[in-house]
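After that, we'll stop at a pair of strands.

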Amino acid sequence: GKASSAFCVEEGLAHCFASEELCGENKYECHKCLAKMDATRSVRLRLAPQYLHIAMKRYTYDFATGERRKITSPVEFPVSLDLSAHCSP
């Protein structure tokens, strides 16, 4: 397949750790009182690991053709990552 623009690991991590607003039809349901309420959901690391293993999905499903397609985009990554922005305070 034709290569597209490079995927940046740092941008991918920022997307994975981005906060999500739960409101409207997507409100959070409290497991204790069963009331639905607006909330913010996020994922944070307790502690940054010394080594980080990242598994990348290299195939996508093409709904137009009904086939899997290999993602051939190059991947950009630094030798070391600063994960402090993704750790709990």
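## The largest pocket

Val-9, Leu-52, Ile-54, Met-56, Phe-77, Pro-78, Val-79, Ser-80 and Leu-81 line the largest pocket. Keep in mind as you look around that this model is predicted. How do you spot a pocket at all? Roll a probe the size of a water molecule over the atoms, and you see where empty space is left.

This pocket has a volume of about 210 Å³. What kinds of residues make up its lining? Sorted by class, there are 8 nonpolar residues and 1 polar one, with no charged residues.

## The second largest pocket

Next up is the second largest pocket, with a volume of about 170 Å³. Its lining is made of Phe-7, Val-9, Gly-12, Leu-13, His-15, Cys-16, His-53, Ile-54, Ala-55 and Met-56. You've met Val-9, Ile-54 and Met-56 already: they line the largest pocket and turn up again in this one.

Which element gives the most to this lining? That's helix 1, residues 9–16, which puts in 5 residues. By class, the lining splits into 7 nonpolar and 3 polar residues, and no charged ones.

## A hairpin to finish

Now find strand 6 (residues 59–62) and strand 7 (residues 67–70), which pair in the antiparallel sense over 4 bridges.

Together, strand 6 and strand 7 form a hairpin, with 4 residues between them. In the turn, check out Gly-66, which has a positive phi of about 75°.

Note on methods: Residues numbered from 1 in each chain as written. Predicted model: local features only at pLDDT ≥ 70, side-chain atom pairs only at ≥ 80, totals over all residues. Heavy atoms only, no water. 1 Å grid on protein atoms, 1.4 Å probe; cavity = no way out; pocket = protein on both sides within 12 Å on 5 of 7 lines; lining within 4 Å. Points joined across faces, edges and corners; volume = space filled by probe spheres on them. Nonpolar A, V, L, I, M, F, W, Y, C, P; charged D, E, K, R; others polar. Helix = DSSP H or I, 4+ residues; strand = E, 2+ residues; numbered from the N terminus. Pairing = 2+ DSSP bridges.
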